[in-house]
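This briefing is meant for someone opening the structure for the first time. It goes through spaces in the protein and then through pairs of packed helices.

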Amino acid sequence: MSIIQVEKLTKSFTTTKGIFNLSLTVNQGEVFGFIGPNGAGKTTTIRHLLGFTKPQSGKASILNLDCWSQSQQVQRHLGYLPAEIAFPENMTGMHLIRYLSDLRKLRNMKKAEELIHRFELDPSGKLSRMSKGTKQKVGIVCAFMHDPEILILDEPTTGLDPLMQAVFINLVQEEKLKGRSILMSSHVFEEIESTCDRIGIIKQGRIISNMRTEEIRNSSKRTYAIEFFERTDMALFENDAFKPKEVDSEVGRVVIEIEDSKINELLRALSTINVKSMREVPSSLEEHFRGYYKGEQIDV
Amino acid sequence: MFNSTLFRQIAASNHKLFIVITAILSALITVIMSVFVPSTISQIAEANKNAGLNPLGDISTLSDFVGNQYFGMFALILCIIYTVVLGNRMIAGQVDRGSMAYHLAAPISRTTLTVTSAIYLVSSLAVMFAIVFGVGCGVAEIAQPGKLDISTFLTLTFGFFLLQTALSGIVFVASCVFNRSSQSLTLGAGISIFFFVANLLSGLSSKLESLKHITIITLYDSKAIINDGSYVSGLIILIVIGIIFFAAGIVTFRRKDLPL
């Protein structure tokens, strides 16, 4: 069942700025990673989902409710973490958390307290005096404390230290197990890779790639680094079908990228010689994304 | 339409401004009520008898002084500052900062947000002038018992509250239309100050008298109130202006795109 549905959404600011004919869906229990360069249209899309902006054409809906005309009903099911957090003035973190829980008519603060503890947050200080990371933690507590069915997280780990980023990734994974549907924009590949089921890449207002994370992982060939005792053995890989990416004759190492279908061929070839070590170079999605960021893989 | 939690939050985040302005207004009315006893007023009137232009306006009675100087000048300036700052801060200021996202995602509908803000703006003015009226009457009773015409003072205060409501409506609509604090302030403060200056100039010479038609401040006719003239229609127009501007702000804000 699709929870978030964006259909042919267009909002142009200039001919190149904005979003154009953009469609995406996030299904029940799915984590959708939304990535793309600055100014590509991520936040504009999110503004439509929250009902802050009216579509020029097309439609954004959540739980079959129109995001513009029924934004208040939509918001009841939503947890939102804005990209640039700006809190109301003259409040402490705890005031804000209490205020929002009053507005949402929460029966208890159990989840909020748990999150505060989990992120080692001290919410007693004035929001205006808080560091970027601390503000981000307050924002996270506010987005998750009412246990919403749907989460929209715009660059959620900005300002968090690596330990807290890991805590956050755990939290997202837990929410996913509970069946929550999540749309998350980010520039941190690791974060996307370890949480998202599906990744959409947006560039200049258009979705240019929308794939399951596994597909991206599987579609890339595997890369192995093989070291040899004898330099002469390396010759085997320098000329034939394997076409090494790198040859380091000083160390006696070659780096080979091959399709899984050719793995047996490689193993047979290796079995005839003396191999010192062999390891897989972990394929990161990063390379895949980087291509899109630079615009090498597709012209829009 | 109205959310009490939001109302309390607005009150909490703006209480300092309210207290400061109310304290200054109360202090000024205290000074006026205690200094301008009948003997002082007659002395001033005597001294100004032959002056061509009386800088204090017509002040032959205490009510005249309150009408001309207090509500015509000090309170007017202070209240314009109050409504401009508060009106801008409540809507455009929060949109500009981005903190509006927290209220709207809470979820508060846009209409609830603007209506609750408008109610705070108007009710804070009401409380402010209730306090001013109370302090004024109290001090007059102590300093010069029986000399203050309380019903005239009440009408002056109430009429002034209606004038401020109309002015705050203009500031409010500017705040709802613009997404930038600077633009909202320019329009809100600009129009208020323009009205204030036009009102001031229209009283200075007969050549500039026609300026009184382009400012809404002259709809609050303190002279007519004091001298039992016809002032009611002016006040009704102020109420209508207030309602129109607040409604326009609420409708505009509901329909526009927000950069949050």
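The model shown here is predicted. Its second largest pocket holds about 620 Å³ of space, while about 100 Å³ lies in the largest cavity. The helix pairs taken up below are helix 3 with helix 5 in chain A, helix 7 with helix 8 in chain B, and helix 3 with helix 7 in chain B.

**The second largest pocket**

- The space in the second largest pocket comes to about 620 Å³, and of the 29 residues that line this pocket, A:T43, A:R47, A:A83, A:E84 and B:L260 are the closest to its centre.
- By class, the lining of the second largest pocket is made up of 11 nonpolar, nine polar and nine charged residues.

**The largest cavity**

- The count of cavities of 30 Å³ or more comes to one, and the largest cavity has a volume of about 100 Å³.
- Its lining includes A:G79, A:Y80, A:P82, A:L100, A:R104, A:C142 and A:A143 from chain A, along with B:A101, B:Y102, B:A105 and B:A106 from chain B.
- Two or more of the lining residues come from each of strand 6 (78–81) of chain A, helix 5 of chain A and helix 5 (100–104) of chain B.
- Nine residues of the cavity lining are nonpolar, one is polar and one is charged.

**Helix 3 and helix 5 of chain A**

- The axes of helix 3 (residues 93–103) and helix 5 (residues 132–144) of chain A come within 10 Å and cross at roughly 15°; with angles under 35 degrees counted as roughly parallel, these two helices of chain A are therefore roughly parallel to each other.
- Helix 3 of chain A passes helix 5 of chain A in a right-handed crossing, where A:L96, A:I97 and A:L100 of helix 3 meet A:V138, A:V141 and A:C142 of helix 5.
- This contact has six nonpolar residues, with no polar and no charged ones.

**Helix 7 and helix 8 of chain B**

- Helix 7 (residues 150–177) and helix 8 (residues 181–202) of chain B pack at an angle of about 160°, with their axes 8 Å apart, and this makes the two helices roughly antiparallel.
- The crossing of helix 7 of chain B with helix 8 of chain B is right-handed.
- On the helix 7 side, B:L167, B:I170, B:V171, B:A174 and B:S175 take part, and they meet B:S184, B:L187, B:G188, B:I191, B:S192 and B:F195 of helix 8; by class, the contact has seven nonpolar, four polar and no charged residues.

**Helix 3 and helix 7 of chain B**

- Helix 7 of chain B also packs with helix 3 (residues 62–90) of chain B, the two axes coming within 9 Å and crossing at roughly 25°, and these helices are therefore roughly parallel to each other.
- The crossing of helix 3 and helix 7 of chain B is right-handed.
- Residues of helix 3 in this contact include B:F71, B:L76 and B:I80, and those of helix 7 include B:F153, B:L156 and B:F160; the contact divides into 13 nonpolar, 10 polar and no charged residues.

Notes:
Residues numbered from 1 in each chain as written. Chains lettered and ligands numbered in written order. Predicted model: local features only at pLDDT ≥ 70, side-chain atom pairs only at ≥ 80, totals over all residues. Heavy atoms only, no water. 1 Å grid on protein atoms, 1.4 Å probe; cavity = no way out; pocket = protein on both sides within 12 Å on 5 of 7 lines; lining within 4 Å. Points joined across faces, edges and corners; volume = space filled by probe spheres on them. Nonpolar A, V, L, I, M, F, W, Y, C, P; charged D, E, K, R; others polar. Axes fitted to C-alpha atoms, helices over the stretch in contact; angles between N-to-C directions. Helix = DSSP H or I, 4+ residues; strand = E, 2+ residues; numbered from the N terminus. Parallel < 35°, antiparallel > 145°, perpendicular 65-115°, else oblique. Left-handed = near helix turned anticlockwise from the far one by under 90°. Contact = heavy atoms within 4.5 Å.
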